[in-house]
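Please have the structure open as you read, and let's start with a pairing.

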Amino acid sequence: MNTFVAQEGTSTTPRPLVGILWREHSATYIEQVSDVTCVEVMFEDLADLDQIPPSLQRLRDRGVEVLVHGATLSLGGAERPDRRRLERMARVADMVDAPLVSEHVAFVRASELDSWHVLPVQRTQDTLEVFLENLAEARGVVGRPFAVENVAQLFDWPDHEMDHATFLREVLVQGDAQLLLDVENLRIDEVNLATDATQVLDALPLERLAYVHMAGGAEKDGVAFDTHSRPIPAETYQLLEELAARVAVPRVTIERDVELSGAEELQGELDGINAAVDRGVARRAEVSRG
Amino acid sequence: VAEAREAVARQQSAALEAIFQNDADSKVIVSKWLGVAHEALERKRAWACSFAWPTTARSLGIDEYIRLFTRYVERHPHPPAGGAVVEGRLFARELDRWGLLPDFGKIQSLSFDLRYQIRNDRMRPRRGLKAAYRLLRRPPYLVLGLKLPLRSSPLVWKIRLTRRAMSSR
């Protein structure tokens, strides 16, 4: 198993584990890229809970770490998390021996309405209390360390009581959770809501960083969408560099919902990620040398 | 936390209702984002359905699929509780009504109907007897399906239609 060892202040560049969200349609390409050291699997994607898909098992056999991700727990929703979904997540995490599981700081459904999409919560004390209770319940059932992820703000609520970074920090600290930082979502918020991603980075407890999501989304009429359908844009690599200049990055995974063109495309994006991290680490080393 | 849950539930269901209905009068979310959120969720539903029912999406071509799905969403603003598989079947039913369901979609919907039924927007396995048929256009085939009680796999027959058989219909 690959492990990340931060080597602060040395000339050796610490490299994060890198990989992609494992999907059936991309499985062949993922296996072809030897630089993949970490993959993510959506617990909702696995139909058979008695057997790991052969492609995923082959990756595990070569030492690739498998993380379990979810998008339907609706931990930011008013309802208590669905017990069957939590048990399913636990089962998948056990199957692949995941070091941690993750979900979004978001709601997916309310009453009888299901959006099938992770939606931003209103950042109030009420929502925070509900989220923390849901997170505690989820962790109790799943029995693994939990990381929570920032979502792209597809819309905005009026009357927030906290800014985005403050709310996320409270979730992480009070919920004793790890951070799954979606860097592309920070970029999308910059485009749509004119936030400053580097200020958000400065306000987050980055010592809780477990891993990073990279992706590329679509834009229409000046609005950015988190579609996971395009190559990673230069601005998102730049933000990854900013992150790596602040903290050691343990893992980076790419999210791609549309079929990759091939192993070369995946390799190119992994190279881009490693280069961005290298640049960030070099900046951090320079600062620490004074 | 119980009180907090009630407050959050009210806000979130009102927000979702406003987004699905594209209700410009709603003040629950910041209004400039309403149309964007509505379109994004609609697109998400279309993508999810195309993954769940890939043959229909492939036969129509993705641009046509999205165009027809947008038309379908006007009549069905709320996604079903049963998820993308259920929505894909409901969409196929609508396409069939419009005479636009491709042959591959007809076969897929026959296979679904023999195994499952949709009740209250959720799919449930069929336990009893079920017979169904589809007429394919190119080439002309009659596809008959039969699901017997206590048997998980349905029986399917394909009958090539001759000109004589077709004119006698």
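Which residue does the side chain of Arg85(A) meet in a salt bridge? In this predicted model, the partner is Asp82(A), with N to O at 3.7 Å. Arg85(A) is partly exposed at 27% relative accessibility, and Asp82(A) is partly exposed at 26%.

**Salt bridges**
- Over all chains, the structure holds 31 salt bridges.
- One of them joins Arg58(A) to Glu31(A), with the closest N and O atoms 2.7 Å apart. This pair links distant parts of the chain, 27 residues apart, from helix H2 to helix H1 of chain A.
- Arg58(A) is partly exposed at 44% relative accessible area, and Glu31(A) is partly exposed at 25%.
- In chain B, Glu94(B) pairs with Arg75(B) at 3.4 Å between the closest N and O atoms.
- Glu94(B) is buried at 3% relative accessibility, whereas Arg75(B) is exposed at 56%.
- A salt-bridge network links Asp202(A), Glu241(A), Glu242(A), Arg246(A), Arg279(A) and Arg283(A).

**Helix H2 of chain A**
- Ser55(A), Leu56(A) and Leu59(A) are the buried residues of this helix, which spans residues 54–61. They fall within an arc of 100 degrees seen down the axis, so they line one face.
- Pro54(A) and Asp61(A) are exposed on the other side.

**Negative surface patch**
- Asp126(A), Glu129(A), Asp159(A), Glu161(A), Glu3(B) and Glu6(B) gather in a patch of negative charge on the surface. Helix H4 of chain A and helix H1 of chain B each give two or more residues to the patch.
- Glu3(B), in helix H1 of chain B, is exposed at 68% relative accessibility.

Definitions and conventions. Residues numbered from 1 in each chain as written. Chains lettered and ligands numbered in written order. Predicted model: local features only at pLDDT ≥ 70, side-chain atom pairs only at ≥ 80, totals over all residues. Heavy atoms only, no water. Patch = residues over 30% accessible without salt bridge, like charges linked within 9 Å, V, L, I, M, F, W, Y side chains within 5 Å. Areas by Shrake-Rupley, 256 points an atom, 1.4 Å probe, with all protein chains shown as cover. Salt bridge = Lys/Arg side-chain N within 4 Å of Asp/Glu carboxyl O. Lys, Arg positive; Asp, Glu negative; His and termini not counted. Charge placed at Lys NZ, Arg CZ, Asp CG, Glu CD. Helix = DSSP H or I, 4+ residues; strand = E, 2+ residues; numbered from the N terminus. Buried < 20%, exposed > 50% of the residue type's maximum accessible area, 1.4 Å probe, protein only. Arc of directions from axis to C-beta.
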